[in-house]
Amino acid sequence: EDGIRDRDVTGVQTCALPISAPVTASVTSPTANAQYRSGTPVPASFTGSAADNSAGVGLAANTTTYTLVRVADGWYWNGTGWQATRYNLATTHSAQSGAGAQTWTSNATMPAWASQTDGTYQVRATATDRAGNTFSGTAVSFTLDNTAPITASVTSPVGGGIYRGATMPAAYGGSVADNSTGVGLAANSRSEEHTSELQSHH
């Protein structure tokens, strides 16, 4: 049974003090290690689950919070901007008791993701039971990459080169690279396009 029970001198039970923290404070959206860009935007709202331990006093409605951290500098989103100190953002969810978890949904203004710095962000939920015990779940990281790659060059054939059948390179080559804060390029993800100009001599 959760708690420490005090008794007075007559042996009459007087109170119960819950001491066990909640057991669930998860983030389900955004998903772990997700990559977002203009065509695949960051979710408009975040969601997760929260629950007290099965013998605990339960969670009051809307008491779960979450943090949104910009990993590059460790700053926290506060609903209007970024700040250096921790800031707990609000959620909405029903009251909870027993073993069943409740789904929470973010209830704070999100950043304008199209104008945010590319890089990694983290979301972490914290559940607080009616007795004030807290539990913070595992942080979920996702990557924002709104900036296009910066390198897509051709080194073979040489620009302006004149080739005939015997001297045409057997394979084309070049260099590709993402921007320094991007998510990188998958293997063999580049494509090539070429045109041919035929010149006849009379």
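# Briefing: cavity, core and backbone of an all-strand chain

The largest cavity is lined by Arg70, Val71, Ala72, Thr117, Asp118, Gly119, Thr120 and Tyr121. The model is predicted. Its protein chain has 15 strands and 0 helices. The chain runs to 202 residues, and 31% of them count as buried.

**Cavity**

- The structure holds 1 cavity of 30 Å³ or more.
- The volume of the largest cavity is about 30 Å³.
- Strand E11, residues 119-128, contributes most to the lining of the largest cavity, with 3 residues.
- Sorted by class, that lining has 3 nonpolar, 3 polar and 2 charged residues.
- Rolling a probe the size of a water molecule over the atoms shows where empty space is left.

**Whole-chain figures**

- The accessible surface of the protein chain is about 12,400 Å².
- Carbon and sulfur atoms account for 50% of that surface.
- Take the contacts between residues at least 6 apart in sequence: 60% of them join residues at least 24 apart.

**Nonpolar core**

- The largest nonpolar core has 23 residues.
- Phe46, Leu68, Trp113 and Phe142 have the most contacts inside this core.
- At least two core residues come from each of E3, E4, E6, E11 and strand E13 (140-144).
- E11 gives the most to this core, with 4 residues.
- E11 also gives the most to the lining of the largest cavity.
- Setting aside residues up to four places away in sequence, tryptophan 113 touches Val42, Phe46, Leu68, Tyr121, Phe142, Leu144 and Asn146.
- Among these partners of tryptophan 113 are Phe46, Leu68 and Phe142, which are also listed with the most contacts inside the core.
- Tyr121 is another partner of tryptophan 113, and Tyr121 also lines the largest cavity.
- In soluble globular proteins, nonpolar side chains tend to be buried together.

**Backbone features**

- Most residues other than glycine have a negative phi, and most peptide bonds are trans.
- Serine 29 and proline 30 are joined by a cis peptide bond, with omega about 10°.
- Proline 30 sits in the loop between strand E3 (24-29) and strand E4 (34-36).
- Asparagine 33 is in the loop between E3 and E4 as well.
- Phi of asparagine 33 is positive, near 65°, in a residue other than glycine.
- Asparagine 33 counts as exposed because its relative accessibility is 65%, above the 50% cut-off.
- Asparagine 62 is not a glycine either, and has a positive phi of about 65°.
- The loop between strand E5 (47-51) and strand E6 (65-70) holds asparagine 62.
- Asparagine 62 has a relative accessible area of 43%, so it is partly exposed.

- Is threonine 64 buried or exposed? Its relative accessibility is 0%, so threonine 64 counts as buried. The cut-off for buried is under 20%.
- Leaving aside neighbours within four places in sequence, threonine 64 is in contact with Ala50, Leu59, Leu89, Ala90, Thr91, His93, Trp104, Thr126 and Ala127.
- Thr126 and Ala127 are among these contacts, and residues 119-128 form strand E11.
- Threonine 64 and aspartate 129 are 65 residues apart along the chain. Their C-alpha atoms are separated by 8.8 Å.

- Threonine 28 is in strand E3.
- With a relative accessible area of 44%, threonine 28 is partly exposed.
- Threonine 28 touches Thr47 and Gly48, not counting residues up to four places away in sequence.
- Threonine 28 and valine 123 are 95 residues apart in sequence. C-alpha to C-alpha, they are 10.0 Å apart in space.
- Alanine 131 is in the loop between E11 and strand E12 (134-136).
- The relative accessible area of alanine 131 is 41%, so this residue is partly exposed.
- Alanine 131 and glycine 56 are 75 residues apart along the chain, and 8.9 Å separates their C-alpha atoms.

Key
Residues numbered from 1 in each chain as written. Predicted model: local features only at pLDDT ≥ 70, side-chain atom pairs only at ≥ 80, totals over all residues. Heavy atoms only, no water. Buried < 20%, exposed > 50% of the residue type's maximum accessible area, 1.4 Å probe, protein only. Contact = heavy atoms within 4.5 Å. Areas by Shrake-Rupley, 256 points an atom, 1.4 Å probe, with all protein chains shown as cover. 1 Å grid on protein atoms, 1.4 Å probe; cavity = no way out; pocket = protein on both sides within 12 Å on 5 of 7 lines; lining within 4 Å. Points joined across faces, edges and corners; volume = space filled by probe spheres on them. Nonpolar A, V, L, I, M, F, W, Y, C, P; charged D, E, K, R; others polar. Core = buried A, V, L, I, M, F, W, Y, C linked by side-chain atoms within 4.5 Å.
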